[in-house]
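The exercises below concern one predicted model. Try each task on the structure before reading its solution.

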Amino acid sequence: MATQQDTQSDTLFERFLAPMFNLLIDREALRRYYESRDWEADSEQLRQPSLAYPAYYDQNFHGIQGGYLSVNAAITYDPVTQYLLPPHEDWVRRGLIERVRCQPRRVLDLGCGTGSTTLLLKKSFPQAEVIGLDLSPYMLLVAADKAAEAGLDIQVKHGNAEQTGFPDASFDLVTASLLFHETPPLVACNILQEAFRLLKPGGEVLILDGNQATLRQSDWLTQIFEEPYMKDYAAGDLNNWMSTAGFGNVATHEVWWVNQVTRGVKPLPYRKVEFSRPDALGDRVWAGARA
Ligand SMILES: C[S@@+](CC[C@H](N)C(=O)[O-])C[C@H]1O[C@@H](n2cnc3c(N)ncnc32)[C@H](O)[C@@H]1O
């Protein structure tokens, strides 16, 4: 559980948002969940021992020391996030689902966190094999708990979205929700390149995140949540990043005012068609071709 030492005390987040969330959150329920298991022992089952955490990741996020590599971040994530996705969390997440055009058989949700979008993907495409991947073993434990409680069969994998280790062209749909504002733009571009590699031709990538145009105009929004890379994310252009990674049909749609969904398609391979005279025509001379 969060202690006084876990959090910074002089930031906008800690001065204004944390006290408000403290009022809204059921601390007693969180304490019970925290004490319900041995987080270190259970996370051992999930951890990839060879995984090296990228430098940008190993720092404080949202005023929590250790960022996502802390149990506290994992157990407080859902109770807080519900208030951060107006007008309604489920509605915003459905903004991504509604823009999927294929009937995927294999889905990968990158930076899946506690699995809220991953679970929605499984509910929406029950026939699909759905995998959630994240760098935080604690977030993955919460995702696995939620899947078990909902009776949904999803797999969780400890890994880096920049280099997942899955084979080329092994997914129909790759998604990421609320991941890109947490990473330096270069990392977001690497993740898009990895998504391109992982998708079958014709496969789709969908990214749900903060609305870059809105964030650019609202400095306070980029500061208050203590996201180290939010400002850089806001200054960028996801359409551009996606096109550079090789995706076609790239388009961004606003989800209410503060969020956006960007979709791209991995193009089908280009095949040069050689036109030759069909045999069936034999030596017949076309009327229009007579001298
Ligand atoms: C704001 S949370 C979003 C979680 C979830 N997708 C959602 O919509 O609620 C960002 C998540 O991305 C994860 N993450 C950040 N960088 C990552 C990377 N390179 N590879 C995999 N996960 C990453 C964090 O551990 C965290 O769980």
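**Exercise 1.** Find the bridge partner of Glu-204 in E7 and state the sense in which E5 and E7 pair.

Solution. Step one: Glu-204 has Val-265 of E7 as its bridge partner. Step two: count the bridges between the strands. There are seven between E5 and strand E7 (residues 259-265), and the pairing is antiparallel. E5 pairs with E4 in the parallel sense and with E7 in the antiparallel sense.

**Exercise 2.** How many of the twelve residues of strand E5 are buried? Draw the consequence for the strand.

Solution. Step one: a residue counts as buried when 20 or more other C-beta atoms lie within 10 Å of its own. Step two: apply this cut-off to residues 199-210, the extent of E5; nine of the twelve are buried. Step three: E5 is therefore largely enclosed by the rest of the structure. For the chain as a whole, buried residues make up 35% of the 291 residues.

**Exercise 3.** Which residues of helix H5 are buried, and which elements do they pack against?

Solution. Step one: within H5 (residues 89-97), the buried residues are Val-92, Arg-93 and Leu-96. Step two: view the helix down its axis. These buried residues lie within an arc of 95 degrees, so they line one face of H5. Step three: turn to the other side of H5, where Asp-90 and Trp-91 are exposed. Step four: list the packing partners of the buried residues, which are H6, E4, E5, strand E6 (248-255) and E7.

**Exercise 4.** Describe the shell of residues around the ligand.

Solution. Step one: of the 21 residues in the shell, Tyr-68, Gly-111, Gly-113, Ala-161 and Ser-177 come nearest to the ligand. Step two: helix H6 (116-124) and strand E2 (129-134) are the elements that contribute two or more residues. Step three: sort the shell by residue class, which gives nine nonpolar, nine polar and three charged.

Methods:
Residues numbered from 1 in each chain as written. Predicted model: local features only at pLDDT ≥ 70, side-chain atom pairs only at ≥ 80, totals over all residues. Near = placed C-beta within 6 Å. Helix = DSSP H or I, 4+ residues; strand = E, 2+ residues; numbered from the N terminus. Nonpolar A, V, L, I, M, F, W, Y, C, P; charged D, E, K, R; others polar. Pairing = 2+ DSSP bridges. Arc of directions from axis to C-beta. Contact = placed C-beta atoms within 7 Å.
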